Amino acid sequence: MSKKTEDIPRIAWIFICGGLIALLVAIISPLLFAPSLVRNFPELPVIGDTLFKSSKPSISELGTAGDFLGGTTVPFLTIASILFLISTIFIQMGQLKLQHQELTETQNIFRSQSFENTFFNMINLHNQIVQSISYVDTESIPRESIQYNGRDYFKFATNDLIAQFYNMDNTPELNDVVKEYKVFYEKYQAHIGHYFRNFYYIVELIHNNKDLETYTDKMKYIRIIRAQLSSYELVLILYHALFNLEHHKDKSLLNYINEYELLHNIEKKLLIHTDHYELLKLSSNKNQLKNS
């Protein structure tokens with residue numbers, strides 16, 4: 001069966017078959033009804049003479065025969081026409097449905113391509129931001145300056161943040177960490193502020209994409225992001241999320257981290273204290289209790 005035949009809806013075939021039957025009845029109806037009519041109405045011999053005899057009919061006889069043929073065939077032809085018209089409507093409806101499906105598939109493909117183009121452009125921008133970071137440290141060693149570029153800067157910045165807690169015997173409280181991170185962020189915001197904004201936008205782009213219907217679909221792209229992050233970047237993202245929650249009352253980054261396990265590969269030994277990783281979930285749970 002050809003593709004065009006398969007595209008015709010089943011209900012349209014029903015009306016097509018009905019139309020063909022009506023057309024067939026219209027063709028044979030004069031032959032079926034004429035003998036019976038002549039037999040039952042002998043006072044109308046002109047019909048029988050006209051239809052079944054070879055004598056040349058008159059104009060009036062032709063008119064009578066024409067009325068008979070019209071009366072026996074036109075109703076069935078009308079029915080056939082209506083059935084064919086209805087079948088045509090169903091065929092057109094089926095074609096419109098197929099066109100709509102094809103258009104929807106095309107739109108879905110376009111949206112998917114548009115999303116992936118945007119996503120990978122943002123990934124490229126993320127790496128460009130990392131590579132473009134350049135910081136000259138003039139404080140660590142007196143009368144000397146050391147330049148840190150790219151991912152080396154994140155190692156330096158993380159160590160600089162952790163150094164503020166070297167002399168503490170107990171686990172630093174969250175408030176103490178947030179206060180110290182605030183000083184740290186104000187110092188280095190010009191170098192890493194756009195890094196965090198771009199990172200957050202990439203995650204939000206995935207989270208808000210309705211075409212990624214399942215968690216697995218979203219995690220496919222989340223894993224690509226995680227693959228771009230160094231160990232020291234993960235540490236700063238953790239403290240930045242805690243800082244946003246406590247200082248700015250913004251839980252969005254923290255929620256994304258917990259929902260998509262963005263810091264799944266973090267090295268806890270690089271944290272100010274290894275217990276701070278658990279603060280992510282604890283802080284998220286406390287915030288949910290406040291909102292409930």
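Mentor: H276 has a relative accessible area of 1% and is therefore buried, the cut-off being under 20%. The residue lies in helix α10, which covers residues 276-291. The model is a predicted one. Beyond its neighbours within four places in sequence, H276 is in contact with T171, P172, V177, L238, Y239 and L271.

The aromatic side chains may be taken next. The model holds 22 aromatic pairs, counted for ring centres within 6.5 Å. F119 and Y221 make an edge-to-face pair, with 5.1 Å from centre to centre and 80° between the planes. This pair links distant parts of the chain, since F119 belongs to helix α4 (residues 59-132) and Y221 to helix α7, 102 residues apart. F119 counts as buried because its relative accessibility is 0%, and Y221 counts as buried at 4%.

A stacked pair is formed by Y181 and Y185, with 6.0 Å between centres and 15° between the planes. These two tyrosines are four residues apart in helix α6 and so are separated by about one helical turn. In general, an α-helix has 3.6 residues a turn, so residues three or four places apart point the same way. Y181 is buried, with a relative accessible area of 0%, and Y185 also counts as buried, at 11% relative accessibility. Both belong to a cluster joined by ring pairs, whose members are Y135, Y148, Y153, F154, F156, Y181, F184, Y185, Y188, Y195, F196 and F243.

Confidence should be read alongside this picture. The chain has a mean pLDDT of 80, and 78% of its residues reach 70 or more. Confidence is highest in helix α7 (residues 215-228), at a mean of 94, and this is the helix that holds Y221. It is lowest in helix α3 (residues 45-52), at a mean of 48. Over residues 43-52 pLDDT stays under 50, and the model has 13 contacts beyond four places in sequence for them. Residues 288-292 also stay under 50, with one contact beyond four places in sequence.

How values were computed: Residues numbered from 1 in each chain as written. Heavy atoms only, no water. pLDDT = per-residue confidence, 0-100. Contact = heavy atoms within 4.5 Å. Buried < 20%, exposed > 50% of the residue type's maximum accessible area, 1.4 Å probe, protein only. Phe/Tyr/Trp six-rings, centres within 6.5 Å; stacked < 30°, edge-to-face > 60°.
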